[in-house]
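These are my notebook entries on a structure that is new to me. I set down what I looked up, topic by topic.

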Amino acid sequence: MAGTNPHRVLVVGAGSIGERHIRCFLATGRCEVSFVEVNATLRETIAARYAACGFATLEAGIATGPEIAVVATPAHLHIEMATKLAEAGIRLLIEKPLATSAAGVARLISLVRERNLVAGVAYVYRSHPVLSDMRKAIESGKFGPQVQIVVVAGQHFPTYRPAYREIYYRDRATGGGAIQDALTHLINAGEWLVGPVTRLVADAAHQVLPGVEVEDTVHILTRHGNVLGSYSLNQHQAPNETSITVICERGTVRFEVHGNRWRWMTSPGGEWQDGLVQPLERDELFTRQANLFLEAVEGKQPPTCSLEDGLQTLRVNLASLKSLETESWETIQPEACE
Ligand SMILES: NC(=O)c1ccc[n+]([C@@H]2O[C@H](COP(=O)([O-])OP(=O)(O)OC[C@H]3O[C@@H](n4cnc5c(N)ncnc54)[C@H](O)[C@@H]3O)[C@@H](O)[C@H]2O)c1
């Protein structure tokens, strides 16, 4: 363990992503990690695997006085748990999506401000070195103003998450369906690149995944102020491919997640030029996210995704679901969750 005062991290929920957070916070070499898990069998397994202390209740975890908590339970539980943790003065990294409704979010944000706590949402694309590099290039202005964003993504979810039928994914009320589970990552990345979504219209359906009824295929048209956007995603195709293209007045840039690279083109019909190319194992990305959050806690930089930015993306999730019902454009109203 580097240094004499390791950060004391409590991971809440030791399921799929919670276990990864335990492993990746440990991999920073700067933390002691304990966890809360209600499932007794899983608690024992994880405690043995990582030589970590596991608690059956949030209260028992809080009583040990951790400095940081990673909230990795299903999304409908995030706000209530995060609020209890913030009341105890604990810094917060909350998994995406921030919540499944607006209830309690404003109160949590004001509590975090009052207590001057570092808090963020774990939208992990914001820790991706390739996307960060592409964003810097856009921000430098060398391609001119952004005018359009086009996001195309697909993945065979059952291959990567065989238990999808049994977990939060099967029900929108617990954060399930393609919009809240997968598209939200891309919307948050898109907002990071071209600014907040201001209005949208959504189309989605359950097309393929056996054993669930939630949408597994989604198309969203967005406006981010003057920037036009489109996002298309499914969770059943064979290719595991995601690309985020930002078209600017004087050049086009593209993050190819599956290719671990970003590219740009400025001459019509020309050749793609490579920006940063960096192969990255999934754990490396999460370890990088853990390190960036520790740096935020140490006051070296703000969290990569603030609670306010997470709330904005939550508004987009909720407006997308509403648009499916109303079959019309929805305006994102900042006061809707305040
Ligand atoms: N950033 C990413 O790439 C990523 C990937 C997967 C999931 N997630 C998000 O992380 C969250 C969890 O997803 P998951 O896939 O790990 O789900 P999961 O079902 O695998 O794990 C959730 C765990 O929380 C535990 N739990 C439930 N209630 C609890 C409570 N009151 N106290 C303590 N533990 C409790 C469950 O027993 C389970 O082990 C969701 O919000 C999801 O959207 C993010």
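**Entry 1: domains.** I take the domain bounds from an automatic or database domain assignment. The model I am reading is predicted, with local features requiring pLDDT of at least 70 and side-chain atom pairs counting only at pLDDT 80 or more, while totals for chains, interfaces and linings use all residues. Residues are numbered from 1 along each chain as its sequence is written. I found that the assignment gives domain 1 (7–124 + 287–306) and domain 2 (128–277 + 313–337). Over C-alpha atoms, the centres of domain 1 and domain 2 are 25 Å apart. I noted that domain 1 and domain 2 each put 13 residues into their contact, where contact requires C-beta atoms, placed from the backbone, to lie within 7 Å. The side of domain 1 that touches domain 2 has 10 nonpolar, two polar and one charged residues. In these classes, Ala, Val, Leu, Ile, Met, Phe, Trp, Tyr, Cys and Pro are nonpolar, Asp, Glu, Lys and Arg are charged, and the others, Gly among them, are polar.

**Entry 2: the ligand.** Which residues are closest to the ligand? I listed Gly-13, Gly-15, Ser-16, Ile-17 and Glu-95 as the closest of the 26 residues that surround the ligand; a residue counts as near if its C-beta atom, placed from the backbone, lies within 6 Å. Domain 1 and domain 2 each supply at least three residues to this shell. By class, I recorded 15 nonpolar, seven polar and four charged residues around the ligand. Helix H1 (residues 16–27) gives the most to the shell, with three residues. Helices (H or I, at least four residues) and strands (E, at least two) are DSSP runs numbered from the N terminus.

**Entry 3: helix pairs.** I next looked at H1 and helix H9 (residues 282–297), which pack at an angle of about 65° with axes 8 Å apart. Axes are lines fitted to C-alpha atoms, for helices over the stretch in contact, and angles run from 0 to 180 degrees between N-to-C directions. H1 and H9 are therefore roughly perpendicular, a word kept for 65 to 115 degrees, with under 35 roughly parallel, over 145 roughly antiparallel and the rest oblique. In H1, residues including Arg-20, His-21 and Phe-25 meet residues of H9, among them Asp-283 and Phe-286. This contact divides into five nonpolar, two polar and three charged residues.

The axes of helix H5 (residues 105–115) and helix H10 (residues 307–326) come within 11 Å and cross at roughly 170°. H5 and H10 are therefore roughly antiparallel to each other. I saw Val-105, Ile-109 and Val-112 in H5 meet Leu-307, Glu-308, Leu-311 and Leu-314 in H10. By class, that contact has six nonpolar, no polar and one charged residues.

**Entry 4: backbone details.** Where is Pro-97 placed? I located Pro-97 in the loop between strand E5 (91–94) and H5. A cis peptide bond joins Lys-96 and Pro-97, with omega about -15°. Asn-260 is found in the loop between strand E12 (251–256) and strand E13 (261–265). I noted phi of Asn-260 near 55°, a positive value in a residue other than glycine.

Conventions:
Contact = placed C-beta atoms within 7 Å.
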